[in-house]
Protein chains: 2
Amino acid sequence: MATEPLPESRPRRRLSREPVLQTAISRADQGGLEALTMRSLADELGVAPMALYRHVASKEDLVDAMIDVVFGEIGLPSGGADWKNAMRQRAMSLRGVLARHRWAIGLMESRRSPGPANLRHHDAVIGKLRAAGFSVEMTAHAYSLLDSYIYGFALTKMNLPFDASDDIGAVAQSMLEPFPVNEYPNLVEFLSEHVLKPGYDYADEFEYGLDLVLDGLETARGGAA
Amino acid sequence: MATEPLPESRPRRRLSREPVLQTAISRADQGGLEALTMRSLADELGVAPMALYRHVASKEDLVDAMIDVVFGEIGLPSGGADWKNAMRQRAMSLRGVLARHRWAIGLMESRRSPGPANLRHHDAVIGKLRAAGFSVEMTAHAYSLLDSYIYGFALTKMNLPFDASDDIGAVAQSMLEPFPVNEYPNLVEFLSEHVLKPGYDYADEFEYGLDLVLDGLETARGGAA
DNA sequence: CCCCTGTGTGTATCACGTACACACTACGGA
DNA sequence: TCCGTAGTGTGTACGTGATACACACAGGGG
């Protein structure tokens with residue numbers, strides 16, 4: 001009595017939206033957005049590709065949802081701290097989130113249908129600044145400057161063609177290889193005197209710029225508040 | 001004497017690398033990177049898709065070359081001006097270039113094989129700062145901060161889901177539509193009190209932040225130079 | 001004048017997103 | 001207890017993308 005004539009014939013794995021999102025994010029974290037295909041995602045989840053479409057409307061819908069999960073990971077500015085510390089903490093949190101989810105960097109601010117975590121986050125940041133006495137206009141200045149810097153840092157640094165695990169020297173050399181020696185003397189000096197120095201870590205730059213920006217905003221607010 | 005038995009049978013259009021690059025860039029400028037397919041590009045150039053591969057090694061090679069053309073459009077810091085004005089001009093130029101070529105924003109700093117225009121640009125900027133007396137370390141701070149801000153502004157502002165031609169009010173409304181009224185009071189206030197005001201133009205924010213950053217760098221250099 | 005090399009063409013392959021129709025399954029009512 | 005129905009997974013298929021391969025043509029040097 002073979003009650004199961006084909007035991008190997010898929011147990012018809014049960015899916016829901018959450019595992020789909022989590023698996024998609026972890027795939028993108030590891031291999032970038034181009035490693036996230038509906039087929040490979042379905043494969044990892046042990047279902048047929050079309051099964052995914054019962055839980056997401058399309059790949060774009062999937063990415064929208066992934067982005068909102070990412071927004072949810074950003075720490076909201078805490079109520080108690082002064083605005084500067086609150087903004088600093090939020091910036092560090094956002095930087096960490098973008099480092100974990102590089103694929104999201106170019107997408108966070110360009111979705112046509114932002115999710116609730118996205119809107120809640122913006123609402124909290126704006127609220128914190130307004131509560132600290134920033135005028136509407138000064139709030140716009142501050143938020144624009146801070147986010148430009150944070151996202152820009154993530155974009156330019158984290159997308160660099162090497163990361164901590166690479167041999168930066170080798171990468172730099174291969175980039176300059178095709179050109180005549182001494183064609184770019186300032187660049188070479190900069191690389192050898194700074195980037196290739198032992199303790200160098202691009203990520204350290206982040207806090208320098210962040211503090212410069214925050215100090216600048218504090219000064220500016222004094223005059224405009 | 002039908003010297004051309006099949007006049008309509010392709011005149012075998014002659015191609016070279018330059019028109020391929022220019023056409024590719026103009027397509028990407030208009031429709032974004034996703035509008036740039038080898039097929040449509042070949043179509044616009046009046047050749048078969050595979051003809052392109054005689055002039056570019058692959059689509060990635062094509063994009064690399066496009067990026068280097070874009071780098072070439074950025075004004076190098078002029079020799080005569082003081083560093084602050086030179087950096088300001090470069091920033092404005094870069095902002096303009098990124099506005100014309102939105103598709104390039106996420107790619108400019110992440111190519112594994114930077115072209116000559118790319119390297120020459122970095123060399124010139126670093127050279128200008130060093131010549132103005134910036135230490136190597138302070139040069140790193142300044143360049144990192146400036147580029148993060150410029151690219152970040154381009155990323156967060158120019159990628160916003162609306163541009164000058166859209167009805168911002170309508171877009172904002174449709175974004176908030178799915179959620180309960182008063183769910184995001186600070187965001188709503190900010191939108192109605194600032195973003196939706198008649199003269200609003202996000203691009204104006206750019207110079208505010210840029211000058212704040214430049215002033216901050218000037219102050220910092222005073223102590224560190 | 002002919003052949004060689006560089007460049008365009010046709011065709012084919014493989015990966016992707018996703019439409020469509022169908023199959024399975026669990027659950028609630030008769 | 002059994003069946004109908006709604007929800008969810010499956011197989012197949014199509015259109016579009018990048019691009020390999022072999023071939024066709026054209027124009028210049030011998």
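Visitor: Before we look at the two chains together, which distance defines a contact here?

Guide: Happy to start there. Contact means that heavy atoms lie within 4.5 Å. We will apply that to a predicted model, and the cut-off to keep in mind is 4.5 Å.

Visitor: How many residues does the contact take from chain B and from chain A?

Guide: Both chains contribute to this contact, and the count can be given for each side. Chain A supplies 58 residues, and the number from chain B is 58.

Visitor: What area is buried between chain B and chain A, and which residues of chain B lose the most area?

Guide: The size of an interface is often given as the accessible area lost when the parts come together. Between chain B and chain A that area is about 4,800 Å², with carbon and sulfur atoms giving 69% of it. On the chain B side, 12% of what is buried comes from the three residues that lose the most area: B:Leu119, B:Asp123 and B:Tyr208.

Visitor: How are H6(A) and H6(B) oriented to each other?

Guide: Helix H6 spans residues 136-158 in chain B, and H6(A) packs against it with the axes 6 Å apart. The angle is about 105 degrees. Angles of 65 to 115 degrees count as roughly perpendicular, so H6(A) and H6(B) are roughly perpendicular.

Visitor: Which residue classes make up the contact of H6(A) with H6(B)?

Guide: From H6(A) the contact draws on residues including A:Leu145, A:Tyr149 and A:Phe153, and from H6(B) on residues including B:Leu145, B:Tyr149 and B:Phe153. Sorted by class, the contact has four charged, eight polar and ten nonpolar residues.

Visitor: Within chain A, are H5(A) and H6(A) parallel or oblique to each other?

Guide: H5(A) covers residues 116-131, and its axis is 10 Å from that of H6(A), at an angle of about 125 degrees. The crossing is right-handed, and among the residues that meet are A:Val125 and A:Ile126 from H5(A) with A:Ala142 and A:Tyr143 from H6(A). The angle therefore makes the pair oblique.

Visitor: How are H1(A) and H3(A) oriented to each other?

Guide: H1(A), residues 17-31, and H3(A), residues 59-73, have axes 10 Å apart. Their contact includes A:Val20 and A:Ile25 on one side and A:Leu62 and A:Met66 on the other, and by class it has nine nonpolar, one polar and two charged residues. With an angle of about 80 degrees, H1(A) and H3(A) are therefore roughly perpendicular.

Visitor: Which residue forms a salt bridge with A:Arg130?

Guide: Side chains of opposite charge can pair when their charged atoms come close. Two salt bridges are counted between chain B and chain A. With the closest N and O atoms 3.0 Å apart, the partner of A:Arg130 is B:Glu189.

Visitor: How many residues apart in sequence are the parts that A:Arg88 and A:Glu207 tie together?

Guide: The side chains of A:Arg88 and A:Glu207 form a salt bridge, 2.9 Å from N to O. A:Arg88 belongs to helix H4 (residues 83-100) of chain A and A:Glu207 to helix H9 (residues 205-224) of chain A, so the pair ties together parts whose separation in sequence is 119 residues.

Notes
Residues are numbered from 1 along each chain as its sequence is written. Chains are lettered from A and ligands numbered from 1 in the order in which they are written. This is a predicted model: local features need pLDDT of at least 70, side-chain atom pairs count only at pLDDT 80 or more; totals for chains, interfaces and linings use all residues. Side-chain values use heavy atoms; hydrogens and water are left out. Axes are lines fitted to C-alpha atoms, for helices over the stretch in contact, and angles run from 0 to 180 degrees between N-to-C directions. Helices (H or I, at least four residues) and strands (E, at least two) are DSSP runs, numbered from the N terminus. Angles under 35 degrees count as roughly parallel, over 145 as roughly antiparallel, 65 to 115 as roughly perpendicular and the rest as oblique. A crossing is left-handed if the near helix is turned anticlockwise from the far one by less than a right angle, and right-handed if clockwise. Buried area is the accessible area (1.4 Å probe) that two parts lose on being put together, summed over both. A salt bridge is a side-chain nitrogen of Lys or Arg within 4 Å of a carboxyl oxygen of Asp or Glu. Ala, Val, Leu, Ile, Met, Phe, Trp, Tyr, Cys and Pro count as nonpolar, Asp, Glu, Lys and Arg as charged, and the others, Gly among them, as polar.
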